[in-house]
Number of protein chains: 2
Amino acid sequence: MSIDRLRTFIGEVMDLRHAADLIEWDERVYMPPGGVTVHGEMSAALRRLAHEKFTSSQIGDALQAADGELASADADSTDARMVRVVARDYARATRVPADFVAEHAAVVSAAQHTWAEARARSNFAQFAPHLQKVIDLKRRYVAFFPPADHPYDVLLDDYEPGMKTADVRRLFDSLRQRQVAIIKEVAARPAPAADFLTRSYAENDIWRFAVDVVTAFGFDWARGRQDKSVHPFATGIGASDVRITTRWVEGQPLALLFGTMHEAGHALYEQGVGAEHQRTILEGGASLGVHESQSRLWENMVGRSRPFWDHFFPRLQAACPAQLGGVTAGGFHAAINRVQPTLIRVESDEATYNLHIMLRVELELALIEGSLKVSELPAAWNAKIQEYLGLTPPDDAKGVLQDIHWSAGLFGYFATYTLGNVIAAQLWERFGAVHPDRDAEIGRGDFPALLSWLRAELHQHGRKFEPKELVKRITGSAVDSEPYLRYLERKYASH
Amino acid sequence: MSIDRLRTFIGEVMDLRHAADLIEWDERVYMPPGGVTVHGEMSAALRRLAHEKFTSSQIGDALQAADGELASADADSTDARMVRVVARDYARATRVPADFVAEHAAVVSAAQHTWAEARARSNFAQFAPHLQKVIDLKRRYVAFFPPADHPYDVLLDDYEPGMKTADVRRLFDSLRQRQVAIIKEVAARPAPAADFLTRSYAENDIWRFAVDVVTAFGFDWARGRQDKSVHPFATGIGASDVRITTRWVEGQPLALLFGTMHEAGHALYEQGVGAEHQRTILEGGASLGVHESQSRLWENMVGRSRPFWDHFFPRLQAACPAQLGGVTAGGFHAAINRVQPTLIRVESDEATYNLHIMLRVELELALIEGSLKVSELPAAWNAKIQEYLGLTPPDDAKGVLQDIHWSAGLFGYFATYTLGNVIAAQLWERFGAVHPDRDAEIGRGDFPALLSWLRAELHQHGRKFEPKELVKRITGSAVDSEPYLRYLERKYASH
């Protein structure tokens, strides 16, 4: 059977990708500084071999043969879906010449290096020529693919299969006005007390509490672990070895807690992908946006909710009596949900986060279309952040230079953050509808019903369904911002 | 240049070997239990790919071409030596059919599994058929190679290039009688007080002290790290990322300290291999025996010496005042060097260790020759340990079943432990001769002269020279047990 042959080839590709993933995890978690070069060599060798294997004519031939075998099979069967996803990835991987891939790697490596320097000096002009090169590469990349409705569709499709620029625009149009209105309304109220959030906490107390929380969520420690790294992330070496990281930032003690919940959300997804998909192209998440929906759901819908803190606050208080002695669950919940427009995306709250994303996506669309020049970018950025959040960056480091994404060539990536928020709310609303005990269970610290539902509806499928189709299957609806807006309006109305 | 072509091919093989080494490190140090299968897949895929690449005709062709190019080159040049070592490894790797390698892997995997069970139940009969299969495989392995003076030469050569069975026999013959005499003489004396060695210590105190010691030795933390694992080991991902592990055993607090010194000895060797040898076949150590010489030198010649403790004991005492308050440096030094025949190799002291090795090597020689049957092995073991150490194992778990090596197919490996002791003493004596301040420096905690000498004479060369040649270059002598016997006799005379 050519399907079996395909499975064998893809299994070998997955072994190499797993190895590269683990080595890249090590690089960010335990590598001694001297190991940079040897890690770069290993990682490059494994990625190159995996790419060579995946784009080999053996895969192409097996794909063609499998297509014939499956002509009469159920189009939704795992085999049929697997072949479809291999075919999709194969077509994308073989369209892009190896020379281009190497050039891209070299350009973004230099661009990231210069970006880090430029950000440290708040010197956009230093970064500008590199950004221009990255944009030129992205345009050339788009040209390897058949004409799309919008060139940005091609970039988006790398992270969000099947999602179109038009979908993203529609989503943003429906969010923009009402999110700005929520922020204005909340800003008019007195801010809740939150001084106790920045007191001096012991890292170990927060670490242990965070571990207790994600253990209650259902994180399986026999198939995962948590460590520390400069930038928190989650990585799955298949479903049976899923690793998350967090960090301790002086002055922001709860960043460790909410970061742990966030990464655990990603990890629960990876741990839940069906055994039948392991070591096949269907392992891992459906897309970055769907992945982000899981991290946001656990971090925000669950972890910043009132029932959650009714249950967990007494424990946190007991762990940190000096810092939280006089605080109530309600006061704590209000503090962690205070709305405060900030210049920095990664420090922003639920109400303002999507506006940071819109700003970026609107600018990158304009850059890719060519309607905005790189030299005009800082001014455009500053105008938009003033429009959306009423803020003016004191310098480009706190404005246009704050994120690594563009220097890394990640055009099309930002939109997935907002998709994550929106899909999370759709799932959350849907689960509440089919499971009316939702909030009461969370108020008891009971999460098995939620996790089981996510496993059955979403996690187990891995990459079997594309994001739009998956959301439709689960919620009966297209990707839609209404549930997210309802969630926000309800949340901020109650304060 | 075909030399450059060869370097490129070998570089790619080394990338894969490094990746496999790192993944196997992870498996023993940080892998969650669920990761066993995916780690097995990754490791098998990388080892298989590395083997395929290394035995490909491209390497064979490049080797042949390089041979011509080098006809007029200095035979001791790095290029010439590199080609020679590649040719040696290539010849060995291509002689053994892939089917045999797969069969060997399957047999030793099952044998190790059964060995663990058999040892737990002290049931040799359960293990015997597996051991028979391993021995049969070893004989078939030997048959892939040209006839040697002794079939065991072929097995030895995998770990100790160029070393012959006759060399090992000669060494053992010269050691046996005098080591037994030392043990008898020491046994007649009153044993030194050592109760303070098994008091309850805090792991963290010993860990920090051990780190201070190996930092003083010269372990480079920018190019290495230390973690914990069930069985301590050292692994070098090239010279720039060298990792050691240790463990905490309740009731044996100093095992962590001496284990750290031992593994740091291995690590100092790896960190010292010349930059020119990195990512070539010449990186890493010359042989297991030479590697062991480095671990033994730092652990025993340095770490169990009187000058060392004259300097370091006050520090350890300050770190553990409750346990070591009334102890003197001399009393501590006597205690850690007490001689006490034991049934278990890994718990044995310097005076008795080699006898454990001789016993094993004599038995495995007889098994390979066919002069000893598997069914006769337990009785033969018990007779020999009685002869050498005057002890009788209460059961096979504490006798013939104690070590994993035979179940893992590691025939020829044990001899390298004794070679390590012997070579360590040769190096130690030589260094003392060219550097008369040796003991005074150690008494001041100064190790740069020793490390520099080892770097210049030994470490930097990596695999460039075979063990015998290397020892000759450094000491002017063949591998010789006299320095080790002198070292032991002096050490135990002074008590």
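Helix α9 (residues 203-217) of chain A lies across β1 and β3 of chain A and runs at about 160° to β1(A). The model is predicted.

Q: Why are β1 and β2 of chain A called edge strands?
A: The open sheet of chain A has three strands in the order β1-β3-β2, with mixed pairing. β1 (224-228) and β2 (234-236) of chain A each pair on one side only. From one strand to the next the twist averages 20°.

Q: How do you know where the edges of the chain B sheet are?
A: Chain B has an open sheet of three strands, ordered β1-β3-β2, and its pairing is mixed. Pairing on one side only is found for β1 and for β2 (234-236) of chain B, the edge strands. The twist here averages 20° from one strand to the next.

Q: What makes β2(B) and β3(B) a pair, and are they parallel or antiparallel?
A: The requirement is at least two bridges. Three bridges join β2(B) to strand β3 (residues 242-246) of chain B, so the two strands qualify as a pair. They run antiparallel, and Gly236(B) stands opposite Val242(B) in β3(B). Helix α9 (residues 203-217) of chain B packs on the sheet and touches β1 and β3 of chain B, with its direction at about 160° to that of β1(B).

Q: Why is the link between Arg243(B) and Asp26(A) called a salt bridge?
A: The N to O distance between these side chains is 2.7 Å. The cut-off is 4 Å, from a side-chain nitrogen of Lys or Arg to a carboxyl oxygen of Asp or Glu, so the contact of Arg243(B) with Asp26(A) is a salt bridge. Across the interface of chain B and chain A there are four salt bridges, and ten residue pairs are in polar contact.

Q: Which elements of chain B give two or more residues to the side that touches chain A?
A: They are α1 (2-29), α2 (36-54) and β1 (224-228) of chain B. By class, this side of chain B has 17 nonpolar, six polar and eleven charged residues.

Q: How many residues does each chain bring into contact, and what area is buried between them?
A: Contact involves 34 residues of chain B and 34 residues of chain A. About 2500 Å² is buried between the chains, with carbon and sulfur atoms giving 67% of it. Tyr30(B), Pro32(B) and Met42(B) supply 19% of the area that chain B buries against chain A, more than any other three residues.

Q: Where does Ala397(A) lie, and what is it in contact with beyond its sequence neighbours?
A: Ala397(A) lies in the loop between α16 (377-389) and α17 (415-434) of chain A. Leaving aside neighbours within four places in sequence, Ala397(A) is in contact with Arg119(A), Ser122(A) and Gln402(A). The C-alpha atoms of Ala397(A) and Ala118(A) are separated by 8.0 Å, although these residues are 279 residues apart along the chain.

Methods. Residues are numbered from 1 along each chain as its sequence is written. Chains are lettered from A and ligands numbered from 1 in the order in which they are written. This is a predicted model: local features need pLDDT of at least 70, side-chain atom pairs count only at pLDDT 80 or more; totals for chains, interfaces and linings use all residues. Side-chain values use heavy atoms; hydrogens and water are left out. Contact means heavy atoms within 4.5 Å. Buried area is the accessible area (1.4 Å probe) that two parts lose on being put together, summed over both. A polar contact is a pair of N or O atoms within 3.5 Å; within protein, one must be able to donate a hydrogen and the other to accept it, and residues adjacent in sequence count only if both atoms are side-chain atoms. Helices (H or I, at least four residues) and strands (E, at least two) are DSSP runs, numbered from the N terminus. Ala, Val, Leu, Ile, Met, Phe, Trp, Tyr, Cys and Pro count as nonpolar, Asp, Glu, Lys and Arg as charged, and the others, Gly among them, as polar. Axes are lines fitted to C-alpha atoms, for helices over the stretch in contact, and angles run from 0 to 180 degrees between N-to-C directions.
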